[in-house]
Amino acid sequence: MTDNTLRPVLLAGLQGQQDQDIDYELAELANLAEANNLQPVETFLQKLDRPNPATYFGKGKVEELGQAVQSYEVDLIVVNDELSPSQIRNLEKLTDATVVDRTGLILDIFAQRAQTKVAKLQVQLARLQYQLPRLRTSMSVSLDQQTGAGGAGFTSRGSGETKLEQSRRRITSEMVHIRQELAELIKDEDTRTAQRQASQLPTVALVGYTNAGKSTVMNRLLERFGVGAVNDTTKQVFEKNMLFATLNTTVRKLTLADKRQLLLSDTVGFVSKLPHNLVAAFQSTLEAAGQADLLLQVVDVSDPNYQQMMKTTEETLQSIGVTDRPMITVFNKADQTDLPYPTVDGENAITISALDLKSQDELIQLIEQNIFADSQPVTLKIPFSENKLVATLSSEHVFLQEDYTEEGTVIELVLSPQELTKYQAYQI
Ligand SMILES: Nc1nc2c(ncn2[C@@H]2O[C@H](COP(=O)(O)OP(=O)(O)OP(=O)(O)O)[C@@H](O)[C@H]2O)c(=O)[nH]1
Ligand SMILES: [Mg+2]
């Protein structure tokens, strides 16, 4: 690529543990860099069992990086790991370039993408948490600049530490404020979740690696089945060919051909080694998946690394405590491969192109089969005095039979176990 709006960078990483898939990690890192308008010009790898505590890389590799900074005329090195504050500081000194670690890179992308108030606050919280232990780094750099390297006497170090304390206090109190604000905003969301639960509709959550096509699946299903859902719930979500296009959770109602309804939620995508701070800050956003009756794991099957991406998704779900949800794997973007589609592979997997109508039909059928698997036909007798209930039921269900007797209306319809508990009193 010759786009000169992109800033050239070096990528660097360690090849350590045996089970590490370094090609996948580096492909990911390059994508993360590009999402930050950076253009990797060269990649440096070092085989090392354990990172050097002071400089992360070994001495020889650090020198090589320093030379590459000169010869490629770059001023930025991106490292494929989360580094300690002192490792960053030392590497910067020795290579004469700015060093950004993987976590910093991901945080920057999230910061660029955040649109909603909640997302902005969550990202800011994660960034402050990341900055807090790193304050000393920037502080000591500026101290060195003020006083000359190594020349910091007791007095100036003292005043520096006071400033450091001030910065710490400022950041800590900002974090407290953000947490409070988030708690308020999320309380509102919880109320809405509670309302949804009260409506007892089954919920399906889209999860998966970033850019797999989750939002596209959501939008295409909304176009077909969102009609008839309550007014503004038909609004589409943001889909785009970029990493982390979606940072918030959106829930929409779908109405199927037989009037049955379900809630579909779209949420933030995953990447490997998603920073802990970010996961913690986005916990409430990610919880949508934990509460769902069914997960749809969307996979970009046209990506050569799709299997690693599935592993990443499963690990991320585990790290947020989502382990026991029923899941359908949706192999998406089959139109970019030689795979036939749509093809249903048993109860729990389907190969589709989100852009293809037939795929959408097969997918929704598979969802229905899963989510309404426990539903069964029941017969209810509703007294005439409660005729309103008949109207309500008829707006949400197709009646298999409908009869008027002296004691009331007798209807046969398909109910889920939850619905059945609600209407048990009328069952005959
Ligand atoms: N060819 C093809 N492109 C697709 C398909 N599904 C999605 N895309 C494209 O893939 C890109 C990413 O789609 P999104 O729906 O935004 O992906 P996402 O999983 O929501 O991504 P994040 O929100 O970043 O996690 C977009 O450019 C889509 O148009 C598909 O089935 N075939
Ligand atoms: Mg999305």
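Predicted model: local features only at pLDDT ≥ 70, side-chain atom pairs only at ≥ 80, totals over all residues.

1. For the complex, the predictor reports an ipTM of 0.99 and a pTM of 0.83.

2. Please read two segments with care. Over residues 137–156 the pLDDT stays under 50, and the model has 14 contacts beyond four places in sequence for them. Residues 228–233 also stay under 50, with 10 such contacts.

3. Which residues does UniProt list for "binding site"? The unreviewed entry gives Ser 215 and Thr 246. They span 32 residues in sequence, yet no two of their C-alpha atoms are more than 7.7 Å apart, so the listed positions gather at one spot.

4. Ser 215 belongs to helix H8, which covers residues 214–225. Is Ser 215 buried or exposed? It has 23 C-beta neighbours inside 10 Å and therefore counts as buried, the cut-off being 20 or more. Beyond four places in sequence, Ser 215 touches Val 237, Phe 238, Glu 239, Ala 245, Thr 246 and Asp 266.

5. Thr 246 sits in the loop between H8 and strand E6 (250–255). Thr 246 is buried too, with 24 other C-beta atoms within 10 Å. Its contacts beyond four places in sequence include Ser 215, Val 237, Phe 238 and Asp 266, as well as Thr 267, Val 268 and Gly 269.

Methods. Residues numbered from 1 in each chain as written. Chains lettered and ligands numbered in written order. pLDDT = per-residue confidence, 0-100. Contact = placed C-beta atoms within 7 Å. UniProt positions renumbered as here; feature names shortened; annotations may be inferred. Helix = DSSP H or I, 4+ residues; strand = E, 2+ residues; numbered from the N terminus. Buried ≥ 20, exposed ≤ 12 C-beta atoms within 10 Å, placed from the backbone.
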